[in-house]
Each structure stands twice: as C-alpha cells, then as structure tokens.
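Trainee: I have a new structure to learn from today. Could we walk through it together, one question at a time?

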Amino acid sequence: MGGRGSAGRTGIVAALAVFAVPAVAQAQPPAAPLAPVAALRAVPQGSAIRLAAVRNDAGYRDTFLREFDSLTPENELKMGELQPHRGRFDFAAADELVRFARRNGKTVRGHTLVWGQALPLWLIDHGVTDKLGLRLPPIVLPTLPNPIGKILGDTTTLLTGWRRDDLLAVMKHHIRTVMRHYAGDVTEWDVVNEPMAAGGGLAPTVWQRFIGPDYIEQALRTARATDPRAKLFINDFDVEVPGPKLDGLVRLARDLVTSGVPLDGIGLQAHTHIDGFADEATLTRTMRRFTRLGLEVQITEMDVATSLVDVARPDRRQRQALAYGAAARACNAVRECTRFTTWGFTDAVSWLGAGASALLFDTKYRAKPAFAAVRSAFARRQ
Ligand code: XIL
C-alpha cells in the first residue's frame with residue numbers, strides 16, 4: 001500500500017540525486033560536498049491504537065484503516081493485561097485487535113514482553129518470606145522517570161523480593177506463552193521496553209533487580225527460540241539525541257550483538273515536544289550508531305506535544321510539522337529504518353490528552369500540517 005501513485009515523484013528525486021553528484025575533474029573541489037538527496041522509500045507507517053476506540057468509533061476505525069499500514073496495541077499486549085493472575089492468561093482484548101489487523105491486511109507490532117511498568121499486581125507485590133515463613137514488609141522504590149512521570153509526576157511502585165530463578169522462570173514462561181499465541185500474527189516484538197536509566201546504566205526494574213543485567217539477553221534468546229521468524233527489538237525513550245542514555249543503549253546493543261545474542265533492531269520511541277525535538281541530522285546520526293552494528297531501527301511511538309503553557313502560540317502546528325517531518329525524513333534517509341509509528345493518530349484518543357494536541361490528526365480526524373510533513377517524507381499518496 002505504501003508507494004501507491006508515487007513512482008513519478010520517486011523518479012524525480014532519484015534524478016536530482018544523480019545531478020547532485022559533483023563533477024569529477026574539478027580544479028577546486030567544493031569545500032563542503034553537497035548532501036546526497038535521499039530517494040523516497042515506501043517506509044510503512046503505523047500507529048498505536050486502542051481496542052475501545054476501534055469498537056466504538058467508526059471515524060477512528062476508518063481513519064486508521066485509510067492512512068496506516070500497521071498497528072501497535074497501545075496497552076492490550078502488556079503483561080498486566082495478558083497475565084492478570086499468575087499463570088492465567090487473558091488474550092481476549094489483544095486477540096480482537098489482532099483479528100482486526102488480519103481482516104484488514106495490517107501488520108501488528110507487539111508491545112511489549114518485558115517492561116518495568118504495566119505489570120500485574122501479583123508480580124509487583126510479590127511477598128518475600130523470611131526463614132520463618134513470615135511475609136516481610138514491602139520495600140517502596142521510586143519508579144523510573146518516564147514520559148508519563150514528566151507529566152503526572154512520579155508515582156511509586158511497591159516492590160518486594162523474588163528469587164532470581166523464580167522470576168526468570170516467570171519471564172520466560174510469559175514470553176513463550178505470548179509469542180506462541182501470536183506466532184505468525186505479530187511479526188515484530190518490543191521484547192524489552194525501556195531498559196535504560198537516564199544516566200546510561202540499566203533501569204532498576206523488577207527484572208533488573210531480581211534477575212540481574214542478563215535478563216535482557218535471556219529475554220531475547222527465549223524470544224528467538226520461541227518464534228524464530230519474529231523480529232526482536234529493544235525499545236526506549238529519550239535516546240534520540242546524544243547523551244549518556246543513548247551511549248548506554250549503544251553500548252548495550254553492541255555487547256549483545258558481539259556476543260551473538262539475537263537482536264534485530266532498536267526502537268526509538270520519540271516522544272517529544274515542540275520546544276525540544278531532535279532535528280533530522282541528529283536523528284540520522286543516532287540511527288546510524290545502531291545500523292553500523294547491523295541493526296534495524298524504527299521510530300516506534302512518536303508524538304509531539306505542543307506547548308501546554310501557551311496553547312495560543314501561533315506557530316505550534318508549524319513547529320510540530322517540523323518535528324514530525326525531521327523524524328520522517330531521517331527514517332526515510334536511513335535504509336535500515338523499517339517503520340515509522342506514532343503513539344496514536346488522533347488527539348481524541350491520546351495518552352497525552354487532547355490538550356497536548358500531539359498527534360497527526362485533530363479530535364475531529366482532520367489532518368494537521370504534521371501529517372503532510374510525514375507523508376511528503378515517504379513515497380505514499382497524500
Ligand atoms: C502508555 C499508554 O499510551 C497509556 O494509555 C498507558 O496508560 C500507559 O502507557 N512508553 C511506552 C508505552 O512504551 O507503552 C506507553 O504507553 C507510553 C510510554
């Protein structure tokens with residue numbers, strides 16, 4: 001579906017690229033060579049969607065089906081939803097979304113198998129017993145700062161203890177059960193979500209604390225063995241721009257790749273806002289740090305919050321279009337960028353609320369300038 005009606009345009013851009021090659025026998029080569037013009041590619045475009053909206057809102061359904069190639073269930077595949085009781089799985093909601101995708105020829109991104117959030121209570125509030133069999137009081141730990149934390153303020157998570165072997169068994173069982181259930185239907189998985197802390201070390205999730213740093217490798221190996229055809233990703237936020245967190249993720253990816261751990265790609269969530277988004281060159285450089293390791297990259301959760309303070313700011317839609325356009329052009333220019341996904345598509349159904357006006361369509365499903373900016377970066381009809 002991507003690429004329809006785009007051949008002429010791709011041709012023109014390709015022709016320009018040829019002319020942009022500097023002549024060979026110049027006496028004085030230009031100081032800065034012209035940047036190569038990237039030919040347009042049919043990069044698949046996706047969105048997170050919610051089952052409730054798919055069920056109840058025809059405008060939502062129709063807009064999604066018309067404009068997007070793939071879907072990511074926004075919450076329905078998270079562990080708290082799928083395994084609300086230990087060992088008892090409830091696939092009903094996710095199954096409905098997967099059937100919706102299959103009926104309509106859309107790809108499904110699986111989000112997510114192993115994450116420090118959206119966990120079932122039985123896992124978070126797992127009692128440790130001491131030698132006498134008494135339950136020890138829970139330890140209260142701060143949760144990670146995250147995009148929600150930035151907006152709502154940090155919450156706290158109750159964490160008690162797990163024996164490494166027990167939690168490892170829980171993790172592997174969860175991965176195997178879920179991936180088996182969706183084998184063939186869910187073709188890409190965020191196997192591990194948000195493993196990095198802001199400083200570049202591993203985030204102190206329940207998995208990291210009670211299994212140890214090798215939980216990531218164990219999760220990836222289990223995932224590959226369960227469904228060898230699925231593409232396996234590590235996905236994180238605030239790693240689009242240089243800094244200790246990006247360095248840490250690059251280090252982690254390199255260690256995994258060099259030790260032969262199965263990993264296919266890195267998801268850049270790209271939750272951002274109009275006053276702090278990454279420009280095209282920065283994002284391209286970030287992507288190349290991973291593609292150099294032989295990995296794919298994807299934009300997996302993009303949204304661009306417009307100023308919550310000054311909602312009347314006249315240029316907010318233009319700045320938002322710049323932010324989306326920069327990311328889409330970077331993805332288009334890097335051959336290994338295999339999908340561009342936004343975290344929802346309409347402000348009517350957005351985890352940031354309609355006020356943030358962060359998505360490509362407004363609350364009435366009217367396209368914003370940002371939508372045109374994304375489309376013009378890819379070889380797709382507009
Ligand atoms: C968010 C959902 O959009 C919300 O509906 C839910 O309440 C909390 O989680 N990074 C991720 C996503 O990887 O899973 C998060 O999704 C947004 C931040």
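**A guided look at the model**

Mentor: Gladly! The structure holds one disulfide, and please remember that this is a predicted model.

Trainee: Which residues form the disulfide?
Mentor: A disulfide is a covalent bond between the sulfur atoms of two cysteines. Here the two sulfur atoms sit 2.1 Å apart, and the cut-off for a disulfide is within 2.5 Å. The partners are Cys 331 and Cys 337.

Trainee: Is the link of Cys 331 and Cys 337 left-handed or right-handed?
Mentor: For that we look at the angle about the S-S bond, which is -95°. The link of Cys 331 and Cys 337 is left-handed.

Trainee: Let's turn to the ligand. Which residues around the ligand are the closest?
Mentor: The ligand is surrounded by 14 residues. By kind, this shell divides into four nonpolar, five polar and five charged residues. The closest are Glu 74, Lys 78, His 111, Glu 301 and Trp 343.

Trainee: How much of the ligand's exposed area does the protein bury?
Mentor: Start with the ligand taken alone, which exposes 410 Å². Of that area, the protein buries 82%.

Trainee: And empty space inside? Which strand gives the most to the lining of the largest cavity?
Mentor: Rolling a probe the size of a water molecule over the atoms shows where empty space is left. The structure holds one cavity of 30 Å³ or more, and about 40 Å³ of space lies in the largest cavity. Its lining includes Lys 78, Met 79, Thr 112 and Trp 115, and divides into six nonpolar residues, two polar and one charged. With three residues, the biggest contribution comes from strand β3 (residues 107–114).

Trainee: Which residue joins His 111 through a cis peptide bond?
Mentor: The omega angle of this bond is about 5°.

Terms used:
Residues are numbered from 1 along each chain as its sequence is written. This is a predicted model: local features need pLDDT of at least 70, side-chain atom pairs count only at pLDDT 80 or more; totals for chains, interfaces and linings use all residues. Side-chain values use heavy atoms; hydrogens and water are left out. A residue is near a molecule or strand if one of its heavy atoms lies within 4 Å of it. Accessible areas come from the Shrake-Rupley method with a 1.4 Å probe; for residues, only the protein chains shown count as cover. Ala, Val, Leu, Ile, Met, Phe, Trp, Tyr, Cys and Pro count as nonpolar, Asp, Glu, Lys and Arg as charged, and the others, Gly among them, as polar. On a 1 Å grid over the protein atoms alone, a cavity is a set of points where a 1.4 Å probe fits but cannot get out, and a pocket is an open set with protein on both sides within 12 Å along at least five of seven lines; lining residues have an atom within 4 Å of a point. Grid points are joined across faces, edges and corners, and a volume is the space filled by probe spheres set on the points. Helices (H or I, at least four residues) and strands (E, at least two) are DSSP runs, numbered from the N terminus.
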